[in-house]
Amino acid sequence: MLLLTFKHIIADFVLQTAWMAQGKDQKHGWALPLLVHCLIHFAVVLPLILIVAPRFWFVAVIDFVIHITIDRAKGLVSANFGVNQEHPWFWTLIGVDQALHHLTGFGLSIFMAAN
């Protein structure tokens, strides 16, 4: 869980650019920023998993798929409801997004620990 949390902080905050953060929430032109952002998550988590638990390499793929799904859902809500920093839902949407990502890490950690 600590490893996946570390990955999330690095990929979601340290390595995510404004182009990715803003672009993935747009009505149009969202695909490339979202893909690049989620590929960064994949590029950070795969080597970490290969070092710590190589037999679970596929967890990096699962993490990628779940991350791109959560972020796209957030992007759809943002784009269709005009959620920006001035919108009352902005911080709630950020919080739900982050909670889902952390629950993903928790679930994947339980899966790896149980197997």
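## A partly exposed phenylalanine and its patch

Phe-106 has a relative accessible area of 45% and is therefore partly exposed, a class that lies between buried (under 20% relative accessible area) and exposed (over 50%), with a 1.4 Å probe and protein chains only. The residue belongs to helix 5, which covers residues 90-114; helices here are DSSP runs (H or I, at least four residues), numbered from the N terminus, as strands (E, at least two) would be.

Together with Met-1, Val-96, Leu-100, Leu-103 and Ile-110, Phe-106 forms a nonpolar patch on the surface with about 550 Å² of accessible area. Such areas come from the Shrake-Rupley method with a 1.4 Å probe, and for residues only the protein chains shown count as cover. Patches are made of residues with over 30% relative accessible area and no salt bridge, where nonpolar side chains (Val, Leu, Ile, Met, Phe, Trp, Tyr) are joined within 5 Å and like charges within 9 Å.

## How the model is read

This is a predicted model, in which local features need pLDDT of at least 70 and side-chain atom pairs count only at pLDDT 80 or more, while totals for chains, interfaces and linings use all residues. Residues are numbered from 1 along each chain as its sequence is written, and side-chain values use heavy atoms, with hydrogens and water left out.

## Nonpolar cores

In soluble globular proteins, nonpolar side chains tend to be buried together. The largest nonpolar core here has eight residues, namely Leu-4, Val-45, Ile-49, Phe-56, Val-59, Ala-60, Leu-108 and Met-112; a core is a set of buried Ala, Val, Leu, Ile, Met, Phe, Trp, Tyr and Cys residues joined through side-chain atoms within 4.5 Å. At least two residues of this core come from each of helix 3, helix 4 (58-81) and helix 5. A second, separate core has five residues, among them Ala-11, Met-20, Ile-40 and Leu-48.

Leaving out residues up to four places away in sequence, Leu-108 touches Leu-4, Val-59, Ile-62 and Asp-63, where contact means heavy atoms within 4.5 Å.

His-37 lies in helix 3 (residues 31-52) and, at 0% relative accessibility, counts as buried. Apart from residues up to four places away in sequence, His-37 touches Ala-11, Asp-12, Gln-16, Met-20, Lys-24, His-67 and Asp-71.

Gln-98, in helix 5, is also buried, with a relative accessible area of 14%. Its side chain makes a polar contact of 3.0 Å with that of Asp-12, a polar contact being a pair of N or O atoms within 3.5 Å, of which, within protein, one must be able to donate a hydrogen and the other to accept it, while residues adjacent in sequence count only if both atoms are side-chain atoms. Gln-98 and Asp-12 are 86 residues apart in sequence, yet their C-alpha atoms are 9.5 Å apart in space.

## Salt bridges

The count comes to three salt bridges, each being a side-chain nitrogen of Lys or Arg within 4 Å of a carboxyl oxygen of Asp or Glu. Asp-63 and Lys-7 meet at 2.8 Å, N to O; because Asp-63 lies in helix 4 and Lys-7 in helix 1 (residues 2-14), this pair ties together parts that are 56 residues apart in sequence.

In a further salt bridge, the closest N and O atoms of Lys-24 and Asp-71 are 2.9 Å apart, and both residues are buried. The side chains of Asp-25 and Lys-74 also meet in a salt bridge (2.7 Å, N to O), so parts that are 49 residues apart in sequence are tied together, with Asp-25 in the loop between helix 2 and helix 3 and Lys-74 in helix 4.
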